[in-house]
Amino acid sequence: MSELKQALRNAIEVERAAARFYSKLAARTKQQDARAFLEGLVAEENSHATALEAKSRELVEGSLPEQPDWHFENVETVPDWTLADDVSLEEALQVALEAEQSAELFYDGLADTTTGAVSEFFRNVSKNEAHHVKAIADMIDKQRA
């Protein structure tokens with residue numbers, strides 16, 4: 001059970017780190033459409049963290065560990081972009097695509113290393129990330145058309 005609690009804490013921290021990443025990038029972006037897109041991602045990632053916290057209360061008794069047990073900052077981010085200035089919408093979409101692909105793989109890994117309802121939960125989170133990948137890829141295609 002403690003492994004599950006730690007996996008849930010780690011996943012929550014991944015989502016919070018992604019929100020911080022997108023927030024920093026949005027603050028450095030002058031283009032309004034790119035900033036609006038990135039700020040939308042901030043809200044979405046915060047929503048994911050909140051949903052994971054709620055789900056953890058259903059899956060486990062007691063509190064989760066206070067801290068993740070490994071470095072999580074780069075799971076759903078693209079570190080090369082952390083200090084980028086004035087990101088365009090096209091660049092913001094590419095960053096988001098890469099970050100969501102990374103998150104999908106992360107949650108697939110959690111699903112593969114857990115069993116039962118927990119594995120199913122993380123597989124569903126991974127599928128949610130896959131939907132984000134598809135939506136962002138579609139947005140990129142529209143931008144290029």
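Biologist: How many helices and how many strands does the chain have?

Modeller: Before counting, keep in mind that this is a predicted model. The chain holds 4 helices and 0 strands, and read from the N terminus the order of its elements is α-α-α-α.

Biologist: How compact is the chain for a globular protein of its length?

Modeller: The general idea is to set the radius of gyration beside the value that the globule rule gives for the number of residues. Here the radius of gyration is 16 Å, close to the 15 Å that the rule gives for 145 residues, so the chain is as compact as a globular protein of that length. Along its principal axes, the C-alpha trace spans about 45 × 30 × 20 Å. Of the contacts with a separation of 6 or more, 81% are between residues 24 or more positions apart.

Biologist: What share of the residues in the chain is buried, and what does the accessible surface come to?

Modeller: Buried residues make up 45% of the 145, while the accessible surface comes to about 7,700 Å², with 50% of it belonging to carbon and sulfur atoms.

Biologist: Which residues have the most contacts inside the largest nonpolar core?

Modeller: A core is read as a set of buried nonpolar residues joined through their side-chain atoms. The largest one in this model has 23 residues, and Tyr 22, Phe 37, Leu 38 and Ile 136 are those with the most contacts inside it. At least two residues of this core come from each of helix H1 (2–27), helix H2 (32–59), helix H3 (89–112) and helix H4 (116–144), and H3 gives the most, with 7 residues. Apart from this core lies another, of 22 residues, which includes Ala 49, Leu 52, Phe 106 and Tyr 107.

Biologist: Which residues does Leu 38 touch, if those up to four places away in sequence are not counted?

Modeller: Leu 38 touches Tyr 22, Leu 25, Ala 26, Thr 29 and Ala 92.

Biologist: Against which helices do the buried residues of H4 pack?

Modeller: They pack against H1, H2 and H3, and among the buried residues of H4 are Val 118, Phe 121, Phe 122, Glu 129, His 132 and Ile 136.

Biologist: How many aromatic pairs does a search of the whole structure find?

Modeller: The search finds 4 aromatic pairs. In one of them, Phe 21 and Tyr 22 are tilted, at 5.3 Å centre to centre with 55° between the planes, and both Phe 21 and Tyr 22 are buried. Elsewhere, ring pairs link Phe 106, Tyr 107, Phe 121 and Phe 122 into a cluster.

Methods:
Residues are numbered from 1 along each chain as its sequence is written. This is a predicted model: local features need pLDDT of at least 70, side-chain atom pairs count only at pLDDT 80 or more; totals for chains, interfaces and linings use all residues. Side-chain values use heavy atoms; hydrogens and water are left out. A nonpolar core is a set of buried Ala, Val, Leu, Ile, Met, Phe, Trp, Tyr and Cys residues joined through side-chain atoms within 4.5 Å. Buried means under 20% relative accessible area, exposed over 50%, partly exposed in between (1.4 Å probe, protein chains only). Contact means heavy atoms within 4.5 Å. The radius of gyration is taken over C-alpha atoms; the globule rule is 2.2 Å times the number of residues to the power 0.38. Accessible areas come from the Shrake-Rupley method with a 1.4 Å probe; for residues, only the protein chains shown count as cover. Rings of Phe, Tyr and Trp (its six-membered ring) pair if their centres lie within 6.5 Å; planes under 30 degrees apart count as stacked, over 60 as edge-to-face and the rest as tilted.
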